[in-house]
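Me: Hey, I've just been handed this one and I'm new to it. Could you walk me through it?

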2 protein chains.
Amino acid sequence: MGLRIALDAMGGDHAPGEIVKGAIEAAEELDLQILLVGRPDAIEPLLAEASASARSRLDIVAASEVIAMDESPATALRKKKDASIVVATRLVKEGRAQALVSAGSTGAQMAASLLGLGRISGIDRPAIATILPTLEGGKLLLDVGANSEAKPRNLLQFAHMGSIYAEKVMGIANPRVALLNIGEEETKGNELVLGAYGMLREAPLRFIGNVEGRDLFFGRADVIVCDGFVGNVVLKFGEGMVSALKTMIKDELKNSRMAQVGAFLATPALRGMGKRLDYAEYGGAPLLGVNGVSIICHGSSKAKAIKNALRVARQGVQQNFIAAIQEHIPGKVEPVC
Amino acid sequence: MGLRIALDAMGGDHAPGEIVKGAIEAAEELDLQILLVGRPDAIEPLLAEASASARSRLDIVAASEVIAMDESPATALRKKKDASIVVATRLVKEGRAQALVSAGSTGAQMAASLLGLGRISGIDRPAIATILPTLEGGKLLLDVGANSEAKPRNLLQFAHMGSIYAEKVMGIANPRVALLNIGEEETKGNELVLGAYGMLREAPLRFIGNVEGRDLFFGRADVIVCDGFVGNVVLKFGEGMVSALKTMIKDELKNSRMAQVGAFLATPALRGMGKRLDYAEYGGAPLLGVNGVSIICHGSSKAKAIKNALRVARQGVQQNFIAAIQEHIPGKVEPVC
């Protein structure tokens with residue numbers, strides 16, 4: 001039996017339409033079986049567009065409920081036992097799928113993953129790791145929002161998990177790990193990063209010290225560690241900036257016919273740039289630290305992002321980064337604080 | 001006697017050349033007297049380029065020492081009594097100048113301003129406020145690095161100072177104040193922002209709640225408050241992104257002759273965009289909370305940034321935001337924690 005991935009067909013701003021479309025595209029291109037979890041009556045009609053070979057790779061698993069973006073994850077999980085994210089997680093827990101992908105409520109996916117799959121021994125808190133597009137290719141930034149508070153010990157664990165993921169899934173040999181800080185010097189920063197610095201220096205990691213916000217796009221480090229509050233603000237700031245730039249370009253073009261011609265001629269170049277900055281190209285963000293592959297997609301994901309997230313999930317399973325984390329964490333991280 | 005501003009001629013990556021050049025440009029355009037503080041033998045030759053009218057607005061005040069970017073501010077201030085930043089601050093303290101501008105070590109300027117000018121009563125910690133370019137014009141973000149740790153009470157004070165500065169100096173009537181957070185909901189965030197949210201809601205401010213990283217460029221709020229660690233990371237991330245985009249555009253253009261023609265035709269539009277994103281257009285960042293106008297410039301400031309910082313300093317003095325903060329803070333901020 002091939003690789004099977006459970007996809008929450010009902011989660012996300014554009015569900016189920018774009019989610020199913022992304023699944024069909026993935027089924028055309030990739031060798032994997034996709035379990036579409038959700039309301040069969042909502043999913044089935046959308047599969048009409050799939051080719052026969054793609055259709056044979058797509059199965060529907062019924063789930064009658066959906067957890068909305070604005071619901072409290074804890075309450076929703078208690079009440080909605082048949083929610084698509086809960087059923088999808090259960091498929092992984094029971095070994096009927098090897099990975100889980102969702103663009104629905106991040107909080108609900110995190111809670112469902114933690115409850116359903118459990119934490120990896122030695123990890124106190126999981127982290128959401130995202131691929132940051134840089135001039136030197138995609139780099140890994142974590143945590144971008146699993147935790148709004150962190151202790152130095154958490155950052156150390158994030159560093160270990162990120163390093164393993166970068167090596168196993170992103171194919172970066174001996175990844176350089178850095179701490180996101182407000183200065184390069186070891187003495188800079190708040191209590192959290194000062195504490196983490198000392199622990200990272202002693203850890204069996206390729207720790208290259210602090211990087212600042214301005215270094216992130218230049219790819220100086222392969223894995224950049226921060227607390228979830230800082231990471232989330234930075235990630236969304238970057239997204240907002242890209243989207244503001246698009247608006248700005250349109251604004252400027254409106255005012256100049258010559259610039260319009262110019263932009264037309266430069267279209268392939270602009271598209272190349274857009275592609276390098278588009279989060280959808282990089283697929284979803286793995287929730288690291290739980291006992292299973294759980295890929296979190298942006299709520300506004302369209303087909304392309306879903307397809308790429310399925311690709312990321314597939315790679316994650318094939319490279320078996322979960323086993324690598326399970327194997328390398330316990331001995332490495334001493335209970336220091 | 002006209003308005004007098006002390007300019008640290010020796011501070012910054014491009015000092016004294018670009019600093020003096022910026023002073024000359026400001027003296028050509030603005031009605032103000034500039035006191036160039038530093039080594040006369042280094043400054044004097046650079047003034048040869050000034051017109052007679054500009055020259056009459058430029059004076060040299062001797063200071064024999066310079067604090068380097070990488071010196072410990074506390075140690076340097078103790079040792080170098082005749083450092084340019086110390087002498088410039090003293091000019092303000094003694095009423096011989098009404099404002100101080102420097103592109104030198106931020107830490108040294110902060111320490112010199114705190115020691116020399118003192119804190120405004122009711123303010124526990126000063127904050128560096130920077131203008132963030134957005135689709136709706138410049139907005140104020142603070143703190144961007146004066147403190148790497150903060151308490152809810154500090155964020156409340158930053159909000160008051162920022163609101164007064166936005167109104168007095170930036171000319172924004174009844175400014176909208178927001179808290180930088182990882183979600184819009186009141187229940188989101190870490191201990192710091194959760195504590196600050198409650199205080200801001202009760203304060204006599206136009207508090208509009210939380211904004212996320214992605215909102216920053218869309219100008220939803222006029223004053224955005226955060227701790228200095230988050231603010232500094234975000235600020236530098238934005239700078240890095242702009243600089244990475246420039247590199248990326250060059251890269252893409254190298255590969256396509258048609259894109260080169262396109263870019264040529266779009267030059268005015270590109271330049272318009274560049275201008276909207278260029279920090280140098282917005283001048284320096286005020287250090288809010290000290291008893292005097294102290295404008296911090298980017299270490300890599302060139303003439304244009306210095307000229308604009310002098311303009312910002314002049315506006316600050318003319319609008320007398322210091323008095324406005326002194327007047328409005330004490331009654332407003334109750335010692336809650």
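Predicted model: local features only at pLDDT ≥ 70, side-chain atom pairs only at ≥ 80, totals over all residues.

Me: Good. How many helices and strands does chain A have?

Reply: Chain A has 13 helices and 11 strands.

Me: And what share of chain A counts as buried?

Reply: 58% of its 337 residues. The accessible surface of chain A is about 13300 Å², and 50% of that belongs to carbon and sulfur atoms.

Me: What about contacts between residues at least 6 apart in sequence? What share joins residues at least 24 apart?

Reply: In chain A, that share is 72%.

Me: Where does Pro133(A) sit?

Reply: Pro133(A) is in strand β5 of chain A, residues 127–134.

Me: Why does Pro133(A) count as buried?

Reply: Because its relative accessible area is 12%, and buried means under 20%.

Me: OK, the sheet in chain A. What order do the strands come in?

Reply: The 11 strands run β3-β2-β1-β4-β11-β10-β5-β6-β9-β7-β8, in an open sheet with mixed pairing. At the edges stand β3 (58–62) and β8 (206–211) of chain A; each has a single partner strand, so one side of each has no neighbour in the sheet. On average, neighbouring strands are turned by 30 degrees against each other, direction ignored.

Me: Which helix packs on that sheet?

Reply: Helix α1 of chain A, residues 17–29, packs on it and touches β1 (4–8), β2 (33–38) and β3 of chain A. The direction of α1 makes about 170 degrees with that of β2(A).

Me: Let's switch to chain B. Which way do the residues of β10(B) point?

Reply: Ala285(B) and Leu287(B) point one way, Pro286(B) and Leu288(B) the other, and all are buried. In general, side chains in a regular strand alternate between the two faces of the sheet.

Me: What does β10(B) pair with?

Reply: It pairs in the antiparallel sense with β5(B), residues 127–134, over two bridges, and Leu287(B) is the bridge partner of Ile128(B). β10(B) also pairs with β11(B), residues 293–296, in the antiparallel sense over two bridges; there Ile295(B) is the partner of Pro286(B).

Me: How many residues lie between the strands in the hairpin of β10(B) and β11(B)?

Reply: Four, and Gly289(B) in that hairpin takes a positive phi near 115 degrees.

Me: What else does β5(B) join?

Reply: Six bridges join β5(B) to the antiparallel strand β6(B), residues 137–142. Lys139(B) in β6(B) is the bridge partner of Leu132(B). Helix α6(B), residues 106–117, packs on the sheet, touching β4 (99–102), β5, β10 and β11 of chain B, and its direction makes about 175 degrees with that of β11(B).

Me: Which strands does α12(B) lie across?

Reply: Helix α12(B), residues 303–319, lies across β1 (4–8), β2 (33–38), β4 and β11 of chain B, at about 160 degrees to β11(B).

Me: Do tell me about α8(B). Which of its residues are buried?

Reply: Leu192(B), Val193(B), Ala196(B), Tyr197(B), Met199(B) and Leu200(B) are buried in α8(B). They pack against α9 (228–254) of chain A, and also against α7 (152–168), β7 (176–180) and β8 (206–211) of chain B. The helix has 12 residues and reaches 18 Å from first C-alpha to last, close to the expected 16 Å.

Definitions and conventions
Residues numbered from 1 in each chain as written. Chains lettered and ligands numbered in written order. Heavy atoms only, no water. Buried < 20%, exposed > 50% of the residue type's maximum accessible area, 1.4 Å probe, protein only. Contact = heavy atoms within 4.5 Å. Areas by Shrake-Rupley, 256 points an atom, 1.4 Å probe, with all protein chains shown as cover. Expected span 1.5 Å × (residues − 1). Pairing = 2+ DSSP bridges. Axes fitted to C-alpha atoms, helices over the stretch in contact; angles between N-to-C directions.
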